[in-house]
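Please look at the model shown here, and then work through the questions on its helices and sheet.

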Amino acid sequence: MARALKVYRTPIGFHDAYVAAPSQKAALKAWGADANLFARGSAEQVTDAELMREPLANPGKVIKRPRGSEAEHLASLAKSPQLPGKAQSRPGKATPPNSPPKRASSPTPRPSRGPLDKAEEALAQQEEEGRAALRKLEEKQAQLRKQIEQLRKQQQATYSQLASRVENERRKYDAALERWRAS
């Protein structure tokens with residue numbers, strides 16, 4: 001009997017990745033994780049029915065949902081401390097109070113999903129073509145089996161007829177040979 005599915009969640013960037021799987025191990029495999037995210041506290045089981053609906057409709061498929069809006073993401077970036085290597089204000093050099101705030105660089109555009117969609121489409125098409133080719137070969141194989149069986153029956157019938165003929169001719173020959181010897 002198949003094990004009941006549970007829904008698990010882990011954060012990935014600005015998204016949460018959900019997956020319906022029978023076990024934590026299966027969820028880690030679906031996410032492509034090379035470490036136990038559950039042991040690290042980075043993954044958890046979900047019990048909210050609304051969050052479970054889509055993953056349960058697509059078992060084993062990773063469903064990504066954004067955590068917050070784009071505005072919330074940008075606001076959190078503004079609050080984060082500067083990364084090392086970035087220009088930091090020097091002590092003693094204060095910015096004038098009426099100077100305009102420095103403009104943040106525009107966010108990097110989201111990567112295009114086009115190549116991934118094309119690759120997935122090509123894979124799906126290849127799978128369908130492969131299944132169709134296998135079906136054709138299996139049909140041919142079934143036809144060949146029938147032909148082989150018919151040929152065996154024909155050969156057996158022909159063999160039986162020829163074996164009877166040989167036996168009949170052998171008896172005639174043996175009888176003629178006996179008459180010849182007696183003469």
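This is a predicted model: local features need pLDDT of at least 70, side-chain atom pairs count only at pLDDT 80 or more; totals for chains, interfaces and linings use all residues.

Residues are numbered from 1 along each chain as its sequence is written, and side-chain values use heavy atoms, with hydrogens and water left out.

Q: Which residues of helix H1 are buried?
A: Helices (H or I, at least four residues) and strands (E, at least two) are DSSP runs numbered from the N terminus, and buried means under 20% relative accessible area, exposed over 50%, with partly exposed in between (1.4 Å probe, protein chains only). In H1, residues 24-31, the buried ones are Ala27, Leu28 and Trp31.

Q: Why do the buried residues of H1 line one face of the helix?
A: The arc is taken from the directions that run from the helix axis to the C-beta atoms. Seen down the axis of H1, the buried residues line one face because they fall within an arc of 100°.

Q: Which strands stand at the edges of the sheet?
A: Two strands pair if DSSP finds at least two bridges between them, and the open sheet of 4 strands, with antiparallel pairing, has the order S3-S1-S2-S4. Each edge strand has a single partner, so one side of each is left without a neighbour in the sheet; these are S3 (44-46) and S4 (63-66).

Q: In S2, what is the bridge partner of Lys6?
A: S1 and S2 pair in the antiparallel sense over 7 bridges. The partner of Lys6 in S2 is Ala21.
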